[in-house]
Every structure is written in C-alpha cells, then in structure tokens.
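Here is a short report on spaces, helix packing and chain contact in one model. Please look at the sequence and the structure first.

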Amino acid sequence: MGWSMMLSGHRTWLFKNEPVIVSTGTVGGPFEARGKIPEDFDLLHEDIWLRQDSFEKAQKVLIEEACQKAMEKGGVQIEQVQFFLGGDLINQITPTSFAAKTFEVPYLGLFGACSTSMEGLALSAFIINYGGSTCLMTGASSHNAATEKQFRYPTEYGGQKPPTSQWTVTGAGVALLKDKGDGPKVTSATIGRVIDMGLTDPFNMGGAMAPAAVDTIEVHLKERGIDPSYYDLIVTGDLGHIGREVSLDLLKKHGIKITEEQFQDCGLMIYREGQPVLAGASGAGCSASVVYGHLLNRMKNGEFKRMLVVATGALLSPLTFQQKETIPCIAHAVSIEIGGQKT
Amino acid sequence: MSNNKKKNLTPVQQEYQKFQDEREVKRPVIKNCIKAFFVGGVICIIGQAIQTFFIYNFDFTEQTAGNPTVAVMIFISMLLTGFGVYDRLAQFGGAGSAVPVTGFGNAVISAAIEHRTEGFVLGVGGNMFKLAGSVIMFGVFSAFVIAIVKTILVQWGGL
C-alpha cells in the first residue's frame, strides 16, 4: 500500500486510497437565502435566531442540521459515523462541541479560524486513508451575529465599515467521508504554515490572508509536482475582492501560470451583487457551505473534474488586536477530484 | 503607517505591505465626510425642531428644553436600534450618525440588546457601557480638566 510514500515533500499528503465524499449537508441563513446560490443549500432559515434564544445556540443548530442532512443524503445512521471533526469561530468552539454532545460521536474539535473546513477535510482524509476510520464527518460553521459579537461590535451598533471589510456567513457545511463509495475523491492535502506579513487591520482580512494562500498554493503545486493547469479550479476560502486580487497578482509575480477564470474565491460566490457585503463573504461557514454545496454540485454535474480548495484563516482574536499584535494567517489546501487521479 | 512601526517589519513584510496597499480599496474619505455632514445635519435639524416644539408648547426656556430634547432623541435612537435601522443608517452616514447624542444612545442600547442572552445583571448590566463607557470616562475627565483650567483663570487669574 506504500504507507511510507504518503508524504510528498515537506507538508503534502497524498491519499492513495482516495477517501470519498459520499454526501454533504449545507445549511444557511436568510441573508444566504437571498444570495447567489440558494439552490445549493440543503436547508435555509428565514430567521437568524433559528428559533433559539441565543445566536450561539442557533449556530449549534446549524451544525446539527448540516450533519443530519449529510447523514440523510448518505444513507447513514448516526451509529455508523465513527468520528466527527469540526470547528467554528466562537470562543472555545462551543457551538461545534455542543453539537457533538448531541450526536455522542467521538469528536475532535478544531480551530483554524476560517481555514477550519479544509483543516478538517485534510485530517479526515488522512484518517480514512490510513485505515483509522471507514466513515466519519467533518465540517465548519459560522454565524454572522455570533461572530460579530465575538470579534467586533454588537450587531445593532452603528459603526461604519470600510470597503475592505467582509460579511460573515451564517451557515454550516458538513461532509461525510467513507473509505469507498461513489462521489468526489479527496486526493491530496497541503498543510499551511502560519504566515504573518505584519498587517494589523482587522477590517482587511483578505489582504492579510492572501500571502498564506499563495504560499500554500505554491508549495502544493511544487510538492505534488504538477502545473496549475492540472486543476480546473483553484478556489480560495474567503479572500474577498481585495485578497483575491492581491493573491492573483502575487502568484503571477512568482511565475505561477494561473488564469483569472481558474482562480476563484468562495467569498465571492455566495452573495449577489448589491448585497451590502463590501469586499465579500468570510467566516468558517463560507468555504464549508460553498465547497460542500455549490462547488461539489457543479463537480457532480460534470462542469469540472479537479479542484484545489485553499481555505484561508486569520488567526487573530479581539484581544491580540487590542494588544496591537499583527494578524497571523494560515491556509490549508485539499484537492478534490472526480473520477480518480490523472497520473 | 508610521515609520516607527515600519522599522519593526522585515523587508519581505514591508515589500508585501506596499504590494497590498496598492491593491487595497481605500475609505472614500471625502465622500464619507459629505455624507456625514448631511446625515449629522439632518439629525440636528430634527433635534432643533423638537427643542422648538418644547419651547413653544410647554413651559420650557432655551436652557431647560435641552434635557427633554435629548431624552426624545435617545428614545428615537433606541427604537431605530431595536428595529435594526440605526446600523444601516450608520453605514451610510458614518460619523454623522455616530457623533450626535443618538450615536451615543445607539452604542449603549446595541450593547444592552446584544448581551441580553447572558442575563440582566452580568449580561445587560455588565456590558451596557462596553462601548460608551470610555466616552463617559474621558468625557468626565475632560470636563474635570476644563473645570480646573477655568477655576485657575477665573478665581486666581482674575479674568
């Protein structure tokens, strides 16, 4: 089985046993329902409270429902799910842990800010590839109001946001992975390094995260020994307008041949023009719901065969910002391919 | 960014920040100032109308009409905050809606609403002045300093 050859280069895992994403579940809020891709969500809510008495509880319900949808669509009972790996942006990742309490599934809580979705998918694929499990779930979520409360100002506070700021997605995306079955396959993953370019503006996450995305993409291509043209789509998590432009220019500057159409961003896919999201969408639920909903659907419809998802995360807290620390960022890349690897 | 701050950065960081800066969308400062001027102006006209209303219809003078006017303005601000309108107005108006007393009211009320889920004592009570607290603190301190200056000038300076 070639166990020893699983690591390619310094930080790229090749999943030769090709774990399969058999099903996914995505749930969104009212703002997402009015966005560009409402039909790609399994469930949309009309109310951001989700009939709960706090935003944090509402976020827990988002995760629970996304898990339920993934299991339902995959024809799997909760008893068959061996592990759950997930995370979110709230202090001590309580929404995810509380959702895991509901399911009573062995659980690994993750924090990678908005890169959590791919951190979870990379680890899940690794576990399955090595025979550590035959069926597990992984996901990430965010809730606009809960995140604003955590990182910024009260929801109803009247502060003017600059054009660089982004809108946190209310949503959750969960993937159910199995060692075999039908569906898109996870073929490799590159784990990100923490990169800090000394930026301090918490209202410009895209600009802060772009170098991390570029670093991970470059390393991934090099360590997998492939050209960018191998992928039909290289999609970043939540860089927004500014981050996307910066990273595209940075990649070009570094001599990586990548086209405008090929290089997309989840943060620019979820909302419609005219929604007041400024530079785009963000949040752990952004890449999770767009990849596990919209992008995998397009993949299954045969629109493209190979994509590299590069989820980006800004590893700051309100405390580090107030203490005048810079914003360290990370990006994890996972390749998802349909119909196996082309080698 | 100040030069002092730049000194702590590595050349790679400096290079990237310059690169990023060229692509960053800047705040439209002039446009924001004009919008703030008009939004703030409209809020003040409403305040003035209420004050005039109190003076003409009730037994208030120009000096005593201030308190009920402020109370009414804050009440309106509270309603707009609760109905989720004030934050949208603020995204448009910026400083124009933040500087008048309605902005102060919004800061207090939005925090109170936000922390309602943590209970009345530790949630609402403890967080209500989370944003407005520093305004009160520095407001009181500034008044104290001004009072001292005035005392020195008037009492002992013989002005």
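The report below takes the pocket, the cavity, a helix pair and the interface in turn.

This is a predicted model: local features need pLDDT of at least 70, side-chain atom pairs count only at pLDDT 80 or more, and totals for chains, interfaces and linings use all residues. Residues are numbered from 1 along each chain as its sequence is written, chains are lettered from A and ligands numbered from 1 in the order in which they are written, and side-chain values use heavy atoms, with hydrogens and water left out.

**Pocket and cavity**

Rolling a probe the size of a water molecule over the atoms shows where empty space is left. On a 1 Å grid over the protein atoms alone, a cavity is a set of points where a 1.4 Å probe fits but cannot get out; a pocket is an open set with protein on both sides within 12 Å along at least five of seven lines; lining residues have an atom within 4 Å of a point. Grid points are joined across faces, edges and corners, and a volume is the space filled by probe spheres set on the points.

| Space | Volume | Largest share of the lining |
|---|---|---|
| Largest pocket | about 1,200 Å³ | α5(A), four residues |
| Largest cavity | about 30 Å³ | β7(A), three residues |

Helices (H or I, at least four residues) and strands (E, at least two) are DSSP runs, numbered from the N terminus.

The largest pocket has 41 lining residues. Nearest its centre lie A:N144, A:T155, A:W167, B:D87 and B:R88. Its lining divides into 15 nonpolar, 14 polar and 12 charged residues. Here Ala, Val, Leu, Ile, Met, Phe, Trp, Tyr, Cys and Pro count as nonpolar, Asp, Glu, Lys and Arg as charged, and the others, Gly among them, as polar.

One cavity of 30 Å³ or more is found in the whole structure. Its lining includes A:I63, A:F84 and A:T96. The lining holds four nonpolar, five polar and no charged residues.

**A helix pair**

In chain A, helix α4 (residues 116-129) packs on helix α8 (residues 284-300) at about 55°, with axes 7 Å apart. Axes are lines fitted to C-alpha atoms, for helices over the stretch in contact, and angles run from 0 to 180 degrees between N-to-C directions. That angle makes α4(A) oblique to α8(A), as angles under 35 degrees count as roughly parallel, over 145 as roughly antiparallel, 65 to 115 as roughly perpendicular and the rest as oblique.

**Interface**

33 residues of chain A are in contact (heavy atoms within 4.5 Å) with 34 residues of chain B.
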